[in-house]
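Work through the exercises below with the model open. Each task is followed by a solution in steps.

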Amino acid sequence: MRVHVVFYYSRDNKYSLNAVIAAVDAEKVTENIHIIRDKTELINVVYKLSSRGDLVVTCLSFMTTQLPEIISLVSTLRKIGRENILLVAGGPHATGDPAGTLLKLGFDVAFVGEAEKSFPEFIRHITSGEDYRDVPGIVYREKDELFFTGSPPRVVLDHYPPFPFWRNLLGPIEITRGCPWLCTYCQVPYFHGVVPRHRSIDNIMYYVKALLESGARDVRFITPNAFSYGSNGRGPVISKLNELVENLYKLAKLYRGRIYLGSFPSEVRPEFVTEETLRTIKDKVANKILIIGAQSGSEKVLKLIRRGHDINCVLRAVELCRKYGFIPHVDFIFGLPGEDRGDLMDSLRLAKKLVEMGARIHAHTFMPLPGTPLEDAPPGKIPEWLKKELSRMTGYGKLYGNWVKQEKVAWMIHNYIKRGIILGKKGWKLLRNA
């Protein structure tokens with residue numbers, strides 16, 4: 001039986017899929033890869049290929065916030081009604097809720113954690129007719145039972161490309177994976193570990209060059225903390241950061257490219273914003289915006305969510321940014337568990353003070369995500385008096401973000417949990433060792 005691997009390459013998930021597609025190509029496990037950007041086309045391709053009697057491994061990577069779209073899409077794919085369609089899930093939601101992904105969403109296999117090694121191995125087993133059930137890092141279903149093959153090995157970033165530039169699929173370069181801080185609302189340390197792993201400078205330069213030679217001019221990076229490069233994540237190592245930035249600057253200059261570090265799609269922790277780190281990047285990066293994660297203006301809440309910094313760190317970071325000519329965009333999460341009116345007032349006061357200092361505020365609403373300590377917490381709710389204040393700041397151009405939409409999404413996630421569509425911690429108890 002011929003095997004086809006079909007990826008739903010949606011805009012919201014292309015960065016994670018870039019890494020998986022690149023790994024499949026690098027391992028040369030199959031040439032029958034289909035990369036589909038449109039939902040209707042995806043359904044048509046799966047229907048056509050399955051009609052031939054071929055096995056169609058249909059791969060969706062997604063976040064919990066995308067569940068309505070995914071539920072609808074899986075339902076449509078299931079209506080094709082062929083046993084030779086294997087639905088495979090990956091990404092943050094599958095990792096955080098693998099049992100729910102199979103039992104409630106209708107997938108056949110869920111990949112847990114990092115898939116650059118496990119997914120090509122999975123495809124190799126299928127194409128060679130071997131049993132894939134001994135591949136680490138997957139959850140699969142047999143009748144009414146779920147089996148987990150164990151956690152996949154941690155990935156060495158240098159061993160895998162960040163994107164398949166040979167397919168002209170480009171994107172940011174992941175330079176660091178893992179975070180030691182264990183913030184209770186964030187999936188990163190629980191999925192990727194607390195020991196940061198860094199892509200080597202030579203390896204980074206290789207892919208920066210590939211980007212620039214492909215015609216891209218803006219080079220961006222994926223990292224939980226852009227100023228933590230080369231460190232254990234607890235404090236900056238200036239020599240490594242400087243080596244990275246110097247090499248990036250020199251290479252980009254040859255191609256008239258531009259380097260963006262500490263802005264989308266990454267950020268920096270406030271205590272990493274120092275005279276030394278800012279001097280290191282000043283005049284070497286193109287971005288004038290630095291995204292700084294404050295998350296709350298309440299010392300009590302910062303301790304509850306295990307942020308590992310205080311308010312003074314945030315004030316100092318914004319002050320230094322302005323001194324060195326950067327515009328700080330400061331992240332706040334409203335509606336965090338344990339937050340009361342006084343804590344919200346503290347956050348609002350800090351946000352206004354930072355605006356007076358020259359910052360913009362990037363506002364978010366707390367969402368309970370599977371796989372985090374706060375997955376069972378109530379959804380974030382922003383009181384009316386605070387909504388008026390945030391809307392007023394938005395009107396003045398001092399605040400932005402999807403906090404209104406995120407409040408609705410948070411309640412949607414909460415309802416999925418109440419209805420048993422997201423199983424979370426309960427679901428992990430259903431898994432048996434393969």
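## Exercise 1: Helices α12 and α13

Task: classify the relative orientation of α12 and α13 from the crossing angle of their axes.

Solution. Step 1: in this predicted model, the axis of helix α12 (residues 311–323) and that of helix α13 (residues 341–356) come within 10 Å and cross at roughly 15 degrees. Step 2: angles under 35 degrees count as roughly parallel, and α12 and α13 are therefore roughly parallel to each other. Step 3: the crossing of α12 and α13 has a right-handed sense. Step 4: on the α12 side, the contact is made by Ile-311, Val-314, Leu-315 and Val-318, and on the α13 side by Leu-350, Lys-353 and Leu-354. Step 5: sorted by class, the residues of the contact of α12 with α13 are six nonpolar, no polar and one charged.

## Exercise 2: Helices α13 and α14

Solution. Step 1: the axes of α13 and helix α14 (residues 384–395) cross at roughly 10 degrees and come within 11 Å. Step 2: the limit for roughly parallel is under 35 degrees, so α13 and α14 are roughly parallel to each other. Step 4: the contact of α13 with α14 divides into eight nonpolar, no polar and three charged residues.

## Exercise 3: Helices α1 and α6

Solution. Step 1: helix α1 (residues 14–27) and helix α6 (residues 118–127) have axes that come within 8 Å and cross at roughly 50 degrees. Step 4: Val-20, Ala-23, Val-24 and Glu-27 of α1 make the contact with Phe-119, Pro-120 and Arg-124 of α6. Step 5: this contact of α1 with α6 holds five nonpolar, no polar and two charged residues.

## Exercise 4: The second largest pocket

Task: describe the second largest pocket by its volume, its lining and the classes of its lining residues.

Solution. Step 1: the second largest pocket holds about 310 Å³ of space. Step 2: its lining has 17 residues, and those nearest its centre are Thr-95, Val-112, Tyr-190, Phe-191 and Trp-428. Step 3: α4 (92–96), α7 (188–192) and α16 (424–428) are the elements that give two or more residues to this lining. Step 4: by class, the lining of the second largest pocket comprises seven nonpolar, six polar and four charged residues.

## Exercise 5: Cavities

Task: how many cavities of 30 Å³ or more are there, and which residues line the largest cavity?

Solution. Step 1: the count is two cavities of 30 Å³ or more. Step 2: the largest cavity has about 50 Å³ of space. Step 3: its lining consists of Thr-176, Gly-178, Cys-179, Pro-180, Trp-181, Pro-196, Pro-224, Asn-225, Ser-228, Gly-233 and Arg-269. Step 4: five of the lining residues of the largest cavity are nonpolar, five polar and one charged. Step 5: for the second largest cavity the volume is about 40 Å³, and Tyr-8, Ser-10, Asn-13, Leu-60, Ser-61, Phe-62, Gln-66 and Ile-70 line it. Step 6: the lining of the second largest cavity has four nonpolar, four polar and no charged residues.

Technical notes:
Residues are numbered from 1 along each chain as its sequence is written. This is a predicted model: local features need pLDDT of at least 70, side-chain atom pairs count only at pLDDT 80 or more; totals for chains, interfaces and linings use all residues. Side-chain values use heavy atoms; hydrogens and water are left out. On a 1 Å grid over the protein atoms alone, a cavity is a set of points where a 1.4 Å probe fits but cannot get out, and a pocket is an open set with protein on both sides within 12 Å along at least five of seven lines; lining residues have an atom within 4 Å of a point. Grid points are joined across faces, edges and corners, and a volume is the space filled by probe spheres set on the points. Helices (H or I, at least four residues) and strands (E, at least two) are DSSP runs, numbered from the N terminus. Ala, Val, Leu, Ile, Met, Phe, Trp, Tyr, Cys and Pro count as nonpolar, Asp, Glu, Lys and Arg as charged, and the others, Gly among them, as polar. Axes are lines fitted to C-alpha atoms, for helices over the stretch in contact, and angles run from 0 to 180 degrees between N-to-C directions. Angles under 35 degrees count as roughly parallel, over 145 as roughly antiparallel, 65 to 115 as roughly perpendicular and the rest as oblique. A crossing is left-handed if the near helix is turned anticlockwise from the far one by less than a right angle, and right-handed if clockwise. Contact means heavy atoms within 4.5 Å.
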